[in-house]
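Good morning, and thank you for making time for this item. Please take a moment with the sequence and the structure before I go through the main points.

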Amino acid sequence: MGQAGAFAAAAVVPAPSQPARRYKLGLQLFTLRAAMASDVEGTLKRVAGMGYQEVETYGFDAERIGYYGLAATAFAQRLRDNGLTAPSGHYDLNRFVSASVDDLKRYVDRCVEGARALGQAYITWPLLDADSRTIEKFKIAAERLNLAGAQVKNAGLQLAYHNHDFEFVEQNGQTGYEVLLKETDPALVKLQMDLYWIAHGSKLTPHEWFVRQPGRYVMWHVKDMHKVSRDYTELGNGTIDYTRIWPDTAFSGMKHFFVEQGGNFAQDSMQSVADCAAYVKRVLLPPRP
């Protein structure tokens with residue numbers, strides 16, 4: 001049985017009781033990257049019309065402190081015009097595993113400036129480049145994460161790390177993810193769990209990761225895995241049973257989640273985003289009686 005199937009079949013160990021929390025419906029804008037490149041305002045309007053309440057940005061112009069071809073202040077206004085907030089953004093911090101610490105600090109200063117303009121609480125480190133995935137490089141990345149995390153925290157914000165599947169490849173009995181969890185300070189570096197990539201590459205279920213460090217997984221990426229190709233697919237069409245994972249929202253520490261589908265759209269990206277929103281509202285965030 002594949003790992004994604006195991007999510008549905010394995011018994012879930014009950015998590016400690018936590019107060020109920022109402023979550024906002026979030027979207028990682030990378031799903032609509034083509035639409036955002038051609039029509040920022042129209043795309044945000046359609047996103048809000050589907051019921052999304054918050055978005056996660058990707059792409060950051062560090063020279064101009066901008067997003068999607070707009071100054072940060074102008075993009076922030078577009079969000080407000082459509083009743084959207086952006087609690088997190090993906091920033092190109094991965095470039096600084098091999099760059100100098102001074103360059104990292106300068107870049108983080110610019111990230112903080114942009115994040116503040118958008119009202120973001122989280123600056124998220126999105127991945128590691130292909131040449132930075134050895135155990136030794138993971139250790140360097142952990143050092144850089146702690147440095148950036150301290151700088152971000154001093155600015156009143158929080159750093160987070162987003163996983164893919166390469167973190168779970170065993171290297172002489174270790175995985176990069178274990179290195180990152182062990183060698184980063186939980187107070188400085190929170191975690192954004194991508195549940196698709198956990199299903200794709202991890203031997204452990206989400207719950208088993210949550211039990212190791214409860215409260216640290218402050219954001220989730222919510223997307224599904226195609227039953228045959230294991231590519232992306234619309235929520236509810238694949239092998240990841242979110243009804244088994246969702247009870248761990250509070251226990252994990254999750255404060256925000258973002259729907260994302262990187263490709264393999266049944267029709268087009270906009271329709272997939274709409275279908276995913278409908279699934280979340282129907283299955284995961286049904287109206288209270």
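Before the first helix pair, a word on terms: each helix axis is a line fitted to C-alpha atoms over the stretch in contact, and angles between the N-to-C directions run from 0 to 180 degrees. Please also keep in mind that this is a predicted model.

I begin with helix α3, residues 40-49, and helix α4, residues 72-81. Their axes lie 9 Å apart, and the two helices pack at an angle of about 35 degrees. The crossing of α3 and α4 is right-handed. From α3, the residues V40, E41 and L44 take part, and they meet F75, R78 and L79 of α4. Sorted by class, the residues of this contact comprise 4 nonpolar, no polar and 2 charged.

Which residue forms a salt bridge with R78? The partner is E41, with 3.5 Å between the closest N and O atoms. This pair links distant parts of the chain, as R78 in helix α4 and E41 in helix α3 are 37 residues apart. R78 has a relative accessible area of 24% and is partly exposed. E41 also counts as partly exposed, at 43% relative accessibility.

Let me stay with salt bridges. The count for the model comes to 8. One of these joins the side chains of D103 and R106, at 2.4 Å from N to O. Both residues belong to helix α5, residues 101-118, and because they are 3 residues apart there, about one helical turn separates them. As a general point, an α-helix has 3.6 residues a turn, so residues three or four places apart point the same way. D103 is partly exposed, its relative accessible area being 31%.

A further salt bridge brings together the side chains of E170 and K203, at 3.1 Å from N to O. E170 is in strand β8, residues 170-171, while K203 is in the loop between α8 (195-201) and α9 (206-212), so this pair ties together parts that are 33 residues apart in sequence. K203 is exposed, with a relative accessible area of 66%.

I turn now to strand β2, residues 54-58. Is this strand largely enclosed or largely open? Of its 5 residues, 4 are buried, so β2 is largely enclosed by the rest of the structure. Strand β1, residues 26-28, pairs with β2 in the parallel sense over 3 bridges. Within that pairing, Q28 stands opposite E56 of β2. Strand β5, residues 85-90, also runs parallel to β2, and 4 bridges join the two. There, Y58 has H90 of β5 as its bridge partner.

The next helix pair is α6, residues 135-154, with α7, residues 176-183. Their axes come within 9 Å and cross at roughly 30 degrees. This crossing, too, is right-handed. On the α6 side, the contact is made by I135, F138, K139, A141, A142, L145 and N146, and on the α7 side by G176, V179, L180 and E183. By class, 7 of these residues are nonpolar, 2 are polar and 2 are charged.

Which residues of α7 are buried? They are G176, Y177, V179, L180 and L181. Their cover includes α6 and α9, together with the strands β7 (158-162), β9 (174-175), β10 (189-194) and β11 (217-222).

Two single positions remain. S269 lies in helix α12, residues 269-284. With the cut-off for buried set at under 20% relative accessible area, S269 counts as buried at 17%. Neighbours within four places in sequence aside, S269 is in contact with T31 and L32.

G51 is partly exposed, with a relative accessible area of 27%. Beyond its neighbours within four places in sequence, G51 is in contact with L25 and K281. From G51 to E143, the separation is 92 residues in sequence and 39 Å in space, C-alpha to C-alpha.

That concludes the presentation, and I welcome discussion.

Notes
Residues numbered from 1 in each chain as written. Predicted model: local features only at pLDDT ≥ 70, side-chain atom pairs only at ≥ 80, totals over all residues. Heavy atoms only, no water. Left-handed = near helix turned anticlockwise from the far one by under 90°. Contact = heavy atoms within 4.5 Å. Nonpolar A, V, L, I, M, F, W, Y, C, P; charged D, E, K, R; others polar. Salt bridge = Lys/Arg side-chain N within 4 Å of Asp/Glu carboxyl O. Buried < 20%, exposed > 50% of the residue type's maximum accessible area, 1.4 Å probe, protein only. Pairing = 2+ DSSP bridges.
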